[in-house]
Amino acid sequence: MRTRLKDIAQRLGCSLQTVSLVMNGKYHGRVTESRAQAVREMAEKMGYVANFSASCLRGKRSHAIGVIQPAVSPGGFPDLAATVARHLQKRGYQVYFYIQDNDGTNREAITSLICRGVEGVILLDCYNIVPPANYGCPVLAVGSMEKSEISVDKRSGCRSAVRHLMEHHGHKKIGFITNGTKFSLSSAEKLEGVKLGLADAGLPFDENACVDISCVTECEEKIKKLVLHEKVTAFCCANDYVAGRLISFLTRRGIKVPEDVAVVGFDGLNFGEFAQVPLATIVQPFELLGRRSVEIMLERIAGKEPSGSTEYLAPVFRPGPSCGCPLPHEPVLPMVEWLGLTYDQSDPVYAGELAGFVPPNQTPDLWK
């Protein structure tokens, strides 16, 4: 049976009003600190959980925010969701997640959360949702969406990567690998950045050098033609997962990365440092994006009107072996960091020399 405030009061032999004041944080000057501490300890001992739904029915604020993300999230948006949740919880908000499937609609997703009494809804790169003009509570679009209020400047990120490939490694023919049309707005922004980078050097972009790997029957032959016949020597990829797959695809066919073809990812996910050839990538500022998303949402809840424009945050290009540069730092296994353990940097496992590991670019030439 659910523990009630009345139960805590009876156990402590105090009034219901005292317990209510303490649990709602309104006891200062009315209840002694020692009594308040006793109430909190008893509430924890008895397993008390606040009933947000009941508070909403009484006309009180729920202090809850809904977060919607697609079932198949591009890039590092699961990391962004965790960052948003962390910053909301620091500010005393409950977080309700809604996973948006491919066929879902904005009404289905948003109304489902509003029915739970949320004070606002944050959309994280939900490519098939257009934020409505008025839904009775603030709806904040984050990422590459129509009417987004905050996003990452993907164009400048890819532009800087192309500039690096040209100025530091001499590449002149650069292609782009995308992963289908579901995230087309995001991919379009990145492709535009590649074109701008080439245009800065007075070079054209060959439209045939844009490959959609969701077209399984066509993409392998197209990449083969671009590399072997069109002499494309570098590819920018829509995200780190695509870049990792491309590296594996090329090296298994005897194409050396970065000696024959350089590869650049997008997002800056941790696994990229441990790819077959550690990734050069464009790092999205997920921590800043998450914090600013929460700040904007809380401003909207407080009554501030939307600006009507998009706030763009700048990503940073991080060079790496897949473009021909050394890693800017020694990779550290994330699990070691999480556990707070020490490690020996001379350990061959730490250095990546795992037993049975086949060095990249040492496979037979299967692409003939």
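**Entry 1: helix α1**

I began with helix α1, residues 5–12, and looked up its buried residues: Leu5, Asp7, Ile8 and Ala9. Buried here means under 20% relative accessible area, exposed means over 50%, and partly exposed is in between, with a 1.4 Å probe and protein chains only. Helices are DSSP runs of H or I with at least four residues, strands are runs of E with at least two, and both are numbered from the N terminus. An α-helix has 3.6 residues a turn, so residues three or four places apart point the same way. What do the buried residues of α1 pack against? I found α2 (16–23) and α3 (33–45) there. After α1 comes Gly13, with a positive phi near 70 degrees.

**Entry 2: what I am looking at**

A note to myself: this is a predicted model, in which local features need pLDDT of at least 70 and side-chain atom pairs count only at pLDDT 80 or more, while totals for chains, interfaces and linings use all residues. Residues are numbered from 1 along each chain as its sequence is written, and side-chain values use heavy atoms, with hydrogens and water left out.

Contact means heavy atoms within 4.5 Å. Among contacts with a separation of 6 or more, 69% are between residues 24 or more positions apart.

**Entry 3: the cores**

Next I looked for nonpolar cores, which are sets of buried Ala, Val, Leu, Ile, Met, Phe, Trp, Tyr and Cys residues joined through side-chain atoms within 4.5 Å. The largest has 45 residues, and Ile174, Ile177, Val194, Leu250, Val263 and Val264 touch the most other members. At least two residues each come from α7 (154–169), β6 (174–178), α8, α9, β8, α10, β9 and β10 (280–283). Which element gives the most to this core? I noted α10, with six residues.

I picked out Val264 and left aside residues up to four places away in sequence; its contacts include Ala161, Leu165, Phe235, Ile282 and Phe317. Another core, of 21 residues, lies apart from the largest one, and Ala85, Leu88, Leu140 and Val152 are among its members.

**Entry 4: Glu189**

Glu189 sits in helix α8, residues 184–200. I wanted to know which side chain of opposite charge is nearest to Glu189. For a salt bridge, a side-chain nitrogen of Lys or Arg must be within 4 Å of a carboxyl oxygen of Asp or Glu. Lys and Arg count as positive, Asp and Glu as negative, and His and the chain ends are not counted.

Beyond four places in sequence, Glu189 is in contact with Ser144, Lys154 and Arg155.

Lys231 has a phi of about 60 degrees and lies in the loop between α9 (216–228) and β8 (234–237). Asp267 has a phi near 135 degrees and belongs to strand β9. Are they buried or exposed? Lys231 is exposed, with a relative accessible area of 51%, whereas Asp267 is buried at 2%.

My last stop was a cis peptide bond, which joins Val257 and Pro258 with omega about 10 degrees. I placed Pro258 in the loop between α10 (240–251) and β9 (262–267).
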